[in-house]
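Have a look at the chain first, then read on.

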Amino acid sequence: MYRKIIVAIALGGLDRGQDILRKAASLLDAGGEIVALNVIEDVPTYVAIELPANMLEDAMKDSRDRLQALVAAAEVVATVEIRNGPPAKAIIAAAESHHADLIILASHVPDFSNYFIGATADRVVRHAKCSVLVERHKT
């Protein structure tokens, strides 16, 4: 069905990460590829000044390690990629650079703040150039 799938996983949502990785595997064409993606948000400059210089590198290494463990636990073959920046923009950029034909991401139950700011999933759905599957949280 799909030849290249980006699976965006927030480290705060690792409990749902295995589910969406397995969903991606079930939708993948033979010979297709899954890219498990985590995005580390940029820290504002006025905050970054007070933080250790290697904080971003450490965060990226930690994210890579945790995502690789998640992929192994899900028993799915996937490439792990870590990016930094605004999450929706980084997810869309990853999909474009990999020529993905599907993005899968988990969504939470919207709260009041989503009506003013907009969730990452909302932004990805609106701006991605490929199909997007939003796995809703079952309540």
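## The chain at a glance

Of the chain's 139 residues, 37% count as buried, where buried means under 20% relative accessible area, exposed means over 50%, and partly exposed is in between (1.4 Å probe, protein chains only). Keep in mind that this is a predicted model: local features need pLDDT of at least 70, side-chain atom pairs count only at pLDDT 80 or more, and totals for chains, interfaces and linings use all residues. Residues are numbered from 1 along each chain as its sequence is written, and side-chain values use heavy atoms, with hydrogens and water left out.

The chain has five helices and five strands, taken as DSSP runs numbered from the N terminus (helices are H or I with at least four residues, strands are E with at least two). Along the sequence they follow the pattern β-α-β-α-α-β-α-β-α-β. Take the contacts (heavy atoms within 4.5 Å) between residues at least 6 apart in sequence: 76% of them join residues at least 24 apart. The chain exposes about 8,200 Å², and carbon and sulfur atoms supply 55% of that; the areas come from the Shrake-Rupley method with a 1.4 Å probe, and for residues only the protein chains shown count as cover.

## Helix α4 and what comes after

Which residues of α4 are buried? They are Pro87, Ala88, Ala90, Ile91, Ile92, Ala94 and Ala95. These buried residues pack against β1 (2-8), β2, β3, β4 and α5.

Leaving out residues up to four places away in sequence, His98 touches Lys4, Ile6, Val35, Glu81 and Arg83. With Glu81 there is also a side-chain polar contact of 2.5 Å. Here a polar contact is a pair of N or O atoms within 3.5 Å; within protein, one must be able to donate a hydrogen and the other to accept it, and residues adjacent in sequence count only if both atoms are side-chain atoms.

## Salt bridges

The structure holds six salt bridges, each a side-chain nitrogen of Lys or Arg within 4 Å of a carboxyl oxygen of Asp or Glu. Side chains of opposite charge can pair when their charged atoms come close. Glu81 turns up again here, bridging to Arg83 with the closest N and O atoms 2.4 Å apart. Glu81 counts as buried at 15% relative accessibility, while Arg83 is partly exposed at 22%.

Another of the bridges joins Asp62 and Arg66, with 3.7 Å between the closest N and O atoms. Why is the spacing in sequence worth a look? The two are four residues apart in helix α3 (residues 55-74), so they are separated by about one helical turn. Asp62 is partly exposed, with a relative accessible area of 37%, and so is Arg66, at 35%.

Glu96 and Lys129 also meet in a salt bridge, at 3.7 Å from N to O. This pair links distant parts of the chain, with Glu96 in helix α4 and Lys129 in the loop between α5 (120-127) and β5 (131-136), 33 residues apart. Glu96 is partly exposed at 37% relative accessible area, whereas Lys129 counts as exposed at 73%.

## Two positive phi angles

Most residues other than glycine have a negative phi. Glu75, not a glycine, has a positive phi of about 55°. Glu75 is in the loop between α3 and β3 (79-84) and counts as exposed, at 73% relative accessibility.

His99 isn't a glycine either, and its phi is positive at about 55°. His99 lies in the loop between α4 and β4 and is exposed, with a relative accessible area of 56%.

## The largest pocket

How much space lies in the largest pocket? About 630 Å³, where a volume is the space filled by probe spheres set on grid points, joined across faces, edges and corners. A pocket, on a 1 Å grid over the protein atoms alone, is an open set of points where a 1.4 Å probe fits, with protein on both sides within 12 Å along at least five of seven lines; lining residues have an atom within 4 Å of a point.

The lining counts 26 residues, and Ile9, Ala10, Pro87, Ala106 and Thr120 lie nearest the centre. The elements giving two or more residues to this lining are α1 (14-27), β2 (28-40), α4, β4 and α5. The largest share, four residues, comes from β2.
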